[in-house]
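Here are a few notes to read alongside the model. Have a look at it first, then work through the points below.

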Amino acid sequence: MDAKFQYLLRQGDNALILSQQLCQLVGKGPALEEDMALSNVALDLLGQTRMWLTYAGELEGRGRDEDRLAFLRDAIEYRNCLLVEQPNGSYADTLMRQFLFDTWHYFLMDGLTRSSDERIREIAAKSIKEVTYHLRRSGDLVVRLGDGTDQSRAMMQTALDELWMYSGEMFLYDEIDNAMVEQGVAPGVELLRKQSLDHMAEVFTDATLAMPSPDAWMQRGGKQGRHSERLGFILAEMQFLQRAYPGAAW
Amino acid sequence: MSKEWPLWEVFIRSQHGLAHKHVGSLHAPDAEMAINNARDVYTRRNEGVSIWVARAADIVASSPSDKEALFDPANSKVYRHPTFFPMPEEVKNL
């Protein structure tokens with residue numbers, strides 16, 4: 001029960017923090033159309049966040065709803081992976097972060113549509129439509145920019161090299177993930193990792209980018225609440241109003 | 001190469017719509033991205049829609065100065081208007 005609560009928090013927090021970060025780019029996209037697309041992705045992720053956190057709160061049974069979970073937990077209680085709290089950086093950094101996340105997210109949601117938990121199956125079934133689109137979009141842009149000009153390729157390669165150490169945390173299963181696999185709630189990690197790496201390799205080949213070694217050392221800790229200092233700043237901005245006026249209706 | 005992305009015209013057939021309607025235009029570097037962008041900008045991703053995009057440069061428009069010659073039909077010639085035939089029930093959407 002507590003493992004499932006933690007597992008749901010991880011899903012919700014990933015979507016929430018990435019959505020929050022993408023929202024910072026509203027009005028700052030390189031073109032109007034990109035701006036719209038990125039905002040749409042952010043909204044999709046926020047919608048998913050609400051489903052995950054609402055379910056997590058119900059399961060916990062301590063009266064915490066989506067808002068309390070989002071706005072009244074501090075960084076050490078957040079369970080998002082480190083990848084999503086990485087800074088937006090240049091557009092290449094934003095897109096690369098998105099592509100790495102979308103790949104894992106897509107194959108995870110695909111696995112979760114066969115979860116033993118009915119509610120999770122429903123959330124995954126709803127999410128996978130959106131995530132399919134996210135992955136197609138970010139993969140397409142990675143190829144366009146990787147196989148674009150010398151400058152865009154260099155920027156994409158730099159983004160990939162810098163973000164790579166955060167790409168493996170999702171595949172480092174701990175006792176919570178393992179408990180979920182045992183209960184049939186979550187998909188096993190081997191297939192998930194293989195599907196994700198195969199897809200990344202394919203896209204990076206098309207994008208003429210050099211894929212770093214999948215066995216490289218990977219940064220970890222986000223899923224357990226050990227975050228980079230960046231998350232504190234994200235939450236300070238996100239939670240300000242609720243902290244200043246706690247319990248206010250909105 | 002121009003830095004400005006070319007202009008595309010967007011036509012969308014909605015879920016229960018019978019024909020594609022012009023809904024607006026957007027800028028995109030190529031057709032595939034024009035479709036993707038049209039989806040984001042004009043459909044909000046409703047299921048069951050069909051999108052057409054066409055380069056604005058490929059569309060030839062009639063000239064407003066030809067208005068009379070093109071669009072003022074001789075209404076007195078009733079035989080030009082096939083309104084004397086009762087339509088069978090089975091024929092829909094005419």
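1. Is Cys81(A) buried or exposed? Cys81(A) is buried, at a relative accessible area of 2% (buried is under 20%, exposed over 50%, partly exposed in between, with a 1.4 Å probe and protein chains only). Cys23(A), by contrast, is partly exposed at 39%.

2. A word on ground rules: this is a predicted model, where local features need pLDDT of at least 70, side-chain atom pairs count only at pLDDT 80 or more, and totals for chains, interfaces and linings use all residues. Residues are numbered from 1 along each chain as its sequence is written, chains are lettered from A and ligands numbered from 1 in the order written, and side-chain values use heavy atoms, leaving out hydrogens and water.

3. Now the interface: 13 residues of chain A are in contact (heavy atoms within 4.5 Å) with 15 of chain B. Glu33(A), Tyr133(A) and Arg144(A) lose the most area to chain B on the chain A side, together 44% of what that side buries (buried area is the accessible area, 1.4 Å probe, that two parts lose on being put together, summed over both).

4. There are 2 salt bridges between the chains (a Lys or Arg side-chain nitrogen within 4 Å of an Asp or Glu carboxyl oxygen). One of them joins Arg144(A) and Asp30(B), at 2.8 Å from N to O.
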